[in-house]
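This briefing looks at charged side chains and their partners. It is grouped by pair.

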Amino acid sequence: MKERFKFLDITRGLAIILMVCGHCDTSSNIDYFLGLFNMSVFIFISGFLFKDRSFNNIKELIQYQLNKVKKLYIFYLKYEILFYILRPLFFKLNFYNDSIMYGGKIINMNFSFIQNIKELVKIIFGMGREPFCGAFWYIITLIFLIFGYSTIQYICGKQKIIKSNILKKIIVVISLFIGFVMQKYFNIPRFSPAFSLLIVFDFGNECYKNNKIKFNKFYFIPVCFVLLCILNNYGRISLNANLYKDPLFFIVCSFIGIYMMVSLGKLIEKSNLLGNIIQYIGQNTLIIMALHFISFKLVAFIQILVTHKDIKNLAYLNGFDNMNYWFIGYVLSGVTLPLLVGVINKNVFNFITKKIQACKIKNNIERRV
């Protein structure tokens with residue numbers, strides 16, 4: 001059974017709430033600040049929960065990797081294809097508009113058969129880019145990290161020249177500099193960030209194994225926040241594009257942010273009510289990643305009705321004119337509506353499963369009779 005750490009679920013819950021805040025920030029000020037550390041927090045947690053194991057051969061390694069990423073990939077594929085199929089409907093509902101840039105690109109409603117095949121192939125190979133699935137770069141990058149880190153562990157464990165842990169640290173540091181060079185010369189979306197983030201993934205893994213950093217100096221939380229506010233004036237980090245000032249700036253911002261967020265998670269763990277609420281959010285981060293952008297549309301539609309704005313404003317992915325009290329509505333909808341969909345989906349799935357099991361039992365009884 002998978003070991004659960006409540007404080008990590010809470011930390012992940014805080015991080016996903018902040019991600020939603022960043023994605024509905026039309027001024028970019030909040031998004032820039034969160035970019036310094038927030039996605040690194042997710043990667044750190046994934047590394048913390050990544051359990052080391054030895055493999056006798058390549059076949060065992062590959063089987064382990066496929067089992068590890070299967071659920072992530074299926075989740076990614078399901079929503080990318082669903083939203084791609086629904087793209088014509090989204091245009092009719094004014095959710096999309098071909099005059100608006102989404103992630104630096106214009107999207108179209110009508111594709112030829114060949115173009116549809118190309119788009120589906122891109123999705124299958126992790127290059128899909130439906131606007132509502134913009135946060136899915138994280139899923140593909142995490143898949144690359146799982147493949148890469150487990151392969152490094154296998155290689156380090158098999159060789160006898162250098163101590164396994166020392167060689168792993170050397171590779172992780174080299175990977176960071178490869179990621180930095182890639183952003184300058186041959187940046188590959190979703191793939192390049194994995195090189196840069198490998199050191200953060202390894203940091204999480206080491207924190208689990210050695211337990212040297214306790215994350216219990218709660219007075220450091222405001223100190224870390226102030227440091228990040230200062231660092232925010234000296235550079236930007238955009239991990240989805242693998243962009244950062246330099247490796248040192250990236251490491252310092254990431255590690256300060258991780259300490260702040262994990263410590264805050266441990267502090268909130270002491271409050272049963274608040275801790276349980278945010279833990280539940282943290283246990284359902286993927287559904288929030290998948291549905292928060294489309295959930296913004298409800299608030300945007302209400303905003304259009306109340307303020308008598310043009311319906312075309314509904315097509316803006318992050319909302320519009322929302323750096324006021326509307327911002328709260330966007331964040332609440334981006335977090336709660338996906339959770340509601342998840343609960344409904346789970347109940348429907350359980351109902352169908354029970355019905356199928358009941359039918360099987362009934363059929364078995366009838367056969368015996």
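Lys 169 is partly exposed, with a relative accessible area of 27%. In this predicted model, Lys 169 forms a salt bridge with Glu 206, where the closest N and O atoms are 2.9 Å apart. A search of the whole structure finds 6 salt bridges.

**Lys 169 and Glu 206**
- Glu 206 is buried, at 11% relative accessible area, because the cut-off for buried is under 20%.
- Lys 169 lies in helix H8 (residues 164-185) and Glu 206 in helix H9 (residues 192-210), so the pair ties together parts that are 37 residues apart in sequence.
- Salt bridges that share partners join Lys 169, Asp 202, Glu 206 and Lys 209 into one network.

**Arg 87 and Glu 130**
- A salt bridge links Glu 130 and Arg 87, with 2.3 Å between the closest N and O atoms.
- Glu 130 is in the loop between helix H6 (113-124) and helix H7 (137-158), and Arg 87 is in helix H5, so this pair ties together parts that are 43 residues apart in sequence.
- Arg 87 is buried, with a relative accessible area of 5%, and Glu 130 is buried as well, at 2%.
- Leaving aside neighbours within four places in sequence, Arg 87 is in contact with several residues, among them Tyr 96, Ile 107, Met 109 and Phe 111.

**Lys 122 and Glu 119**
- The closest N and O atoms of the salt bridge between Lys 122 and Glu 119 are 3.8 Å apart.
- Both residues lie in helix H6, 3 residues apart, about one turn of the helix.
- Lys 122 counts as partly exposed at 37% relative accessibility, and Glu 119 is partly exposed at 21%.

Notes
Residues numbered from 1 in each chain as written. Predicted model: local features only at pLDDT ≥ 70, side-chain atom pairs only at ≥ 80, totals over all residues. Heavy atoms only, no water. Buried < 20%, exposed > 50% of the residue type's maximum accessible area, 1.4 Å probe, protein only. Contact = heavy atoms within 4.5 Å. Salt bridge = Lys/Arg side-chain N within 4 Å of Asp/Glu carboxyl O. Helix = DSSP H or I, 4+ residues; strand = E, 2+ residues; numbered from the N terminus.
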